[in-house]
Amino acid sequence: MSKPYQADIDDLRAHLLMKVRVVDRNVYLDNARSHVAGVCQQFLQDEGIAAMDWAAHSPDLNPIEHIWDIMSHTIHQRHIAPQTVQELADALVQVWEEIPQETICRLTRSMPRRRREAPYRENENLKCSEARKYQQGIIFLQIYWTVLLWVTMQFYVSRLLLMVTRAALKVSGVLFWVLVYVASLLAAASYVPDALRLIARKPFRAFYWEPRKSAPACLTSSAHGQHGHIRIKKSGIRFHYVASGEKGNPLMLLLHGFPENCLF
């Protein structure tokens, strides 16, 4: 801190201490941040000055607050606002001098009435505070139950979807095997009569077969092309093929499944 300001502060401190010790009364400080700061409280404690406990949210008990409000509104209502610190200081001095003395006296005379109404206002503030807390509690409960309901619905909906999916899989599995057994029964119903008829006509030849002595006609007919055979050297397997068309044309290879056209 610079020396000029330090000198002013020392003079202000000496003047304040003199006034307090002469009057020998408590200091009334509101709950402004500058008044409840640790430096201010430590100064009062070091100088042995007692400070009266001030109720929270009670600016009406201090007439100077109303004077500050009047000065602030008057300056803000000006067409040209102060642009520098000096202009602001001059404006405050001018506004202060323009305040009628009757306004200050009226505020001073209203102090007994304000002090009588303070408990009721405190109760009203307490009721408003309790109402706000109750409303906040209701909002919290609404949010809590909404979140809980949303989480519960997600849990049970997921479980329900899983149950439906599992049931669908089980039903599809049962239907699959039902279709397999029905197809098997139908196939058996269509082939069993032929098998019984064959067994009844030729009981000894029903389960007997002979190897072919000659190839089927389809393997020797030239209606589809020229027949030939090719042998795989490594395995020794011989394949039968039918070639048709001109040799210069693109090759198209048609493979038949095993063993529908094989000769044993």
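Axes here are lines fitted to C-alpha atoms, for helices over the stretch in contact, and the angles between their N-to-C directions run from 0 to 180 degrees. The model on your screen is predicted, and for that reason local features need a pLDDT of at least 70 and side-chain atom pairs count only at pLDDT 80 or more, while totals for chains, interfaces and linings use all residues. Residues are numbered from 1 along each chain as its sequence is written, and side-chain values use heavy atoms, with hydrogens and water left out.

**The whole chain**

Begin by colouring the protein chain by secondary structure, where you will find seven helices and four strands; helices (H or I, at least four residues) and strands (E, at least two) are DSSP runs, numbered from the N terminus. Followed from the N terminus on, the elements run α-β-α-α-β-α-α-α-α-β-β. Of the 264 residues in the protein chain, 9% count as buried, where buried means under 20% relative accessible area, exposed means over 50% and partly exposed lies in between, using a 1.4 Å probe and protein chains only. Among the contacts in the chain with a separation of 6 or more, 41% come from residues 24 or more positions apart, a contact being heavy atoms within 4.5 Å.

**Helix 4 and helix 6**

Next, select helix 4, residues 63–76, together with helix 6, residues 101–109. Two packed helices are described by the angle between their axes and the distance between the axes. For helix 4 and helix 6, the axes come within 9 Å and cross at roughly 145°. The crossing of this pair is right-handed; a crossing has that name if the near helix is turned clockwise from the far one by less than a right angle, and it is left-handed if the turn is anticlockwise. Show the side chains of Pro63, His66, Ile67 and Ile70 in helix 4, which meet Thr103, Ile104 and Leu107 in helix 6. By class, this contact has five nonpolar, two polar and no charged residues, where Ala, Val, Leu, Ile, Met, Phe, Trp, Tyr, Cys and Pro count as nonpolar, Asp, Glu, Lys and Arg as charged, and the others, Gly among them, as polar.

**Helix 4 and helix 5**

Helix 4 passes helix 5 in a right-handed crossing. On the helix 4 side, look for Ile67, Met71, Thr74 and Ile75, which meet Leu88, Ala91, Leu92, Val95 and Trp96 in helix 5. The residues of this contact divide into eight nonpolar, one polar and no charged.

**The salt bridges**

Select Glu102 and Arg109, which form one of them, with the closest N and O atoms 2.8 Å apart. Glu102 counts as partly exposed at 45% relative accessibility, whereas Arg109 is exposed, with a relative accessible area of 53%. Then move to Asp194 and Arg197, whose side chains meet in a salt bridge at 2.8 Å, N to O. Both lie in helix 7 (residues 111–201), three residues apart, about one turn of the helix. Asp194 is partly exposed at 42%, and Arg197 is partly exposed at 40%.

**Strands 3 and 4**

Finally, select Ile232, in the loop between strand 3 (226–231) and strand 4 (238–243). Leaving aside its neighbours within four places in sequence, Ile232 is in contact with Ile237 and Phe239. Tyr241 is found in strand 4, and its C-alpha atom is separated by 5.4 Å from that of Gly228, 13 residues apart along the chain.

How values were computed:
Salt bridge = Lys/Arg side-chain N within 4 Å of Asp/Glu carboxyl O.
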